[in-house]
Amino acid sequence: MTYAVTGLPLDEFRPLFALSDQDLAARGVIRKTADSKPGYPCRITLRDAEPGDTVLLMNFESHSVATPYRSAYAIYVNESADETVRTVDAVPQVFQGRPIALRIFNDEGMLIGADLAREEAVDGAIRRAFENPRAAYIHAHNAAHGCYAARIDRA
């Protein structure tokens, strides 16, 4: 089963990059400087920010569905992001070294399964999830902090 992991669309966040800290704060967004790696996983590039990079910390609705599984939580986006990353049959860098929770949804946005994996086991867990013909897409989350990491679709 071929799959694709896709970061969030850069164009959705680019307008925020030019705002002042005060204007960001009015929108509930905080600008921070990455001081370690890993620690600031960008949801656009699917890579951890480098120390010294500026990132935006914000609330993001990752699952906009009219079901009990609608979801929003804190994410980081790197202000140096220049493209949305999409990997095919490859686990992105931002999943490495972190336990990843996979939430498996059907076409109606209802949760039909879940898994927890780490490192090389993430690839196998994704492939197993898509063996279920009812699995429409998967949301990956950082298991420890609970934040949305990326969307995974059949490719």
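Of the 21 residues in the largest nonpolar core, the ones touching the most other members are F95, L102, I126, I138 and I152. A nonpolar core here is a set of buried Ala, Val, Leu, Ile, Met, Phe, Trp, Tyr and Cys residues joined through side-chain atoms within 4.5 Å, and buried means under 20% relative accessible area, with a 1.4 Å probe and protein chains only. Leaving aside residues up to four places away in sequence, F95 touches V5, I100, V122, A140, A149, A150 and I152, where contact means heavy atoms within 4.5 Å. Apart from this core there's another one, of 17 residues, including L10, L16, I44 and A81.

A word on the model itself: it is predicted, so local features need pLDDT of at least 70 and side-chain atom pairs count only at pLDDT 80 or more, while totals for chains, interfaces and linings use all residues. Residues are numbered from 1 along each chain as its sequence is written, and side-chain values use heavy atoms, with hydrogens and water left out.

Now for the sheets. One is open and built from 6 strands in the order β5-β1-β9-β8-β6-β7, with antiparallel pairing; two strands pair if DSSP finds at least two bridges between them. At the edges are β5 (86–88) and β7 (111–118), each with a single partner strand, so one side of each has no neighbour in the sheet. From one strand to the next, the twist averages 25°. Strand β6 (residues 99–105) and β7 run antiparallel and are joined by 7 bridges; F105 has L111 in β7 as its bridge partner. Helix α3 (residues 121–129) packs on this sheet, touching β1 (3–6), β6, β7, β8 (137–142) and β9 (148–154), and its direction makes about 165° with that of β7. Such angles run from 0 to 180 degrees between N-to-C directions, using axes fitted as lines to C-alpha atoms, for helices over the stretch in contact.

There's also an open sheet of 3 strands, ordered β2-β3-β4 and paired antiparallel. Here β2 (30–33) and β4 (71–78) take the edges with a single partner strand each, so one side of each is left without a neighbour in the sheet. The twist averages 40° from one strand to the next. Between β2 and strand β3 (residues 54–63), 4 bridges make the antiparallel pairing, and I30 sits opposite L57 in β3. Helix α1 (residues 10–17) packs on this sheet, touching β2, β3 and β4, with its direction at about 140° to that of β3.

Conventions. Helices (H or I, at least four residues) and strands (E, at least two) are DSSP runs, numbered from the N terminus. Buried means under 20% relative accessible area, exposed over 50%, partly exposed in between (1.4 Å probe, protein chains only).
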